Amino acid sequence: MTVTVPGPTLGVVGGGQLGRMLAEAAAPLGVDIVVLDPTPDCPASAVADQIVGDFTDPAAMAELAARSDALTFEIELADPDLLDELAAEEGIEVHPSPDALRTIEDKLVQKRTFGEADIPIPPFHRVDDAADLRAALDEFGSVMLKARTGGYDGRGNVPVTDPEDAEDAIDAVGGPAMAEAFVDFERELSVIGVRGDGQIRTFPVGENVHEEEILRETIVPARTTDEVTEEADRVAREVLSHLPGRGVFGIELFETAAGDVLVNEVAPRPHNSGHWTIEGAVCSQFEQHVRAVLGWPLGSTDRRAPTVSANILGTVDESQPARLAGLEAPLSESGVSLHWYGKDEVRPLRKMGHLTAIGTDDEAVEELLDRARTLRDGLYFD
């Protein structure tokens, strides 16, 4: 491998906040980013070139490939078949592998793959109709009904406990689904894993706080035992061994009341629960993804300091132009960083940015979490 700068151009399917932060991380490495996104002036367009086009548009995808030396994606709506065609026709590498995307984009396929590999997961059932859902309820008692494709941030997830609600729940997810047994978990954890060229590395285990199925904060180090963090890291590495191609993977986990670790879901891309790594780790998940996709040596995944990231969500009742206020306090606070995603419109509970607070080893993680929450909650949209 020969690495020189200026470096190659990396094409990214998707130009949301993840594409934006990928471009921000790529620039110091001398790597240019071109994104494909259907939304004109998408968030990444402020720091990268944009091709306006649909993720499944062959002409737009061909243009992206023609302008790039390698391809990746920051959204699961990318078409794995089209990515395979471009790789063959243009002689361009695509990472993570489209096969990894095929495995992960359908939650039922994802769970079956991990189950067959003896990776610990919650019990689940395929659900095609209300009768299937009632059968799952009969076996599990209560379930989380999940749309097999397309769901994120709580969308496409419906908790169900009463068989009489089966029809309404099926209608709510709007398509093929799976029912997963509710897990009696102590906390939700995540591991950001990286597959490089012959290398696998993992970041320290994070603890995730959700509300209404939407991630609010990630705390590192996680407030759990050494035994649980070691098991979470082991499970994450096992997941990585079954997903082909290079890149960053976000691995969400449940820690049960008994201290077991189960895989919840996996994303074949940088993940919201890894945003803390920008300030909190030696080499961020975004820089790691660029390095991995290009086949460059990976950076260190060591934690610099205790870190909390807090999502800035749309605290509005209806859509309106995005204008964030109340910034004086976080901008004046030592060890706090603001990340604004550049979205023109704020909608209820839409992710608009995040704050990261860096602490010291003698500061309790709970105090750091309270500080991050207070600063985040002081922000508002006017």
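**Entry 1: Ser309**

I began with Ser309, which, leaving aside its neighbours within four places in sequence, is in contact with Arg216, Glu217, Thr218, Trp276, His354, Leu355 and Thr356, where contact means heavy atoms within 4.5 Å. I noted that the model is predicted, that local features need pLDDT of at least 70 and side-chain atom pairs pLDDT 80 or more, and that totals for chains, interfaces and linings use all residues. Residues are numbered from 1 along each chain as its sequence is written, and side-chain values use heavy atoms, with hydrogens and water left out.

I then looked up where Ser309 sits, and found it in strand E16, residues 307-313; strands (E, at least two residues) and helices (H or I, at least four) are DSSP runs numbered from the N terminus. Ser309 counts as buried because its relative accessible area is 3%, the term buried standing for under 20%, exposed for over 50% and partly exposed for what lies in between, with a 1.4 Å probe and protein chains only.

**Entry 2: Gly353**

I turned to Gly353, which belongs to strand E21, residues 351-358. Gly353 has 0% relative accessibility, and therefore I recorded it as buried. Not counting residues up to four places away in sequence, Gly353 touches Asn311, Ile312, His339, Trp340 and Tyr341. I also checked Asp377, 24 residues from Gly353 along the chain, and the C-alpha atoms of the two are separated by 13 Å.

**Entry 3: the whole protein**

I counted 12 helices and 22 strands in the protein. The domain assignment, which is automatic or from a database, gives domain 1 (7-93), domain 2 (122-179) and domain 3 (183-379). The centres of domain 1 and domain 2, taken over C-alpha atoms, are separated by 34 Å.

For overall dimensions, I noted that the C-alpha trace spans about 60 × 55 × 45 Å along its principal axes.

Of the 382 residues, 54% are buried. Among contacts with a separation of 6 or more, 64% are between residues 24 or more positions apart. The protein exposes about 15,900 Å², with carbon and sulfur atoms supplying 45% of it, as computed by the Shrake-Rupley method with a 1.4 Å probe.
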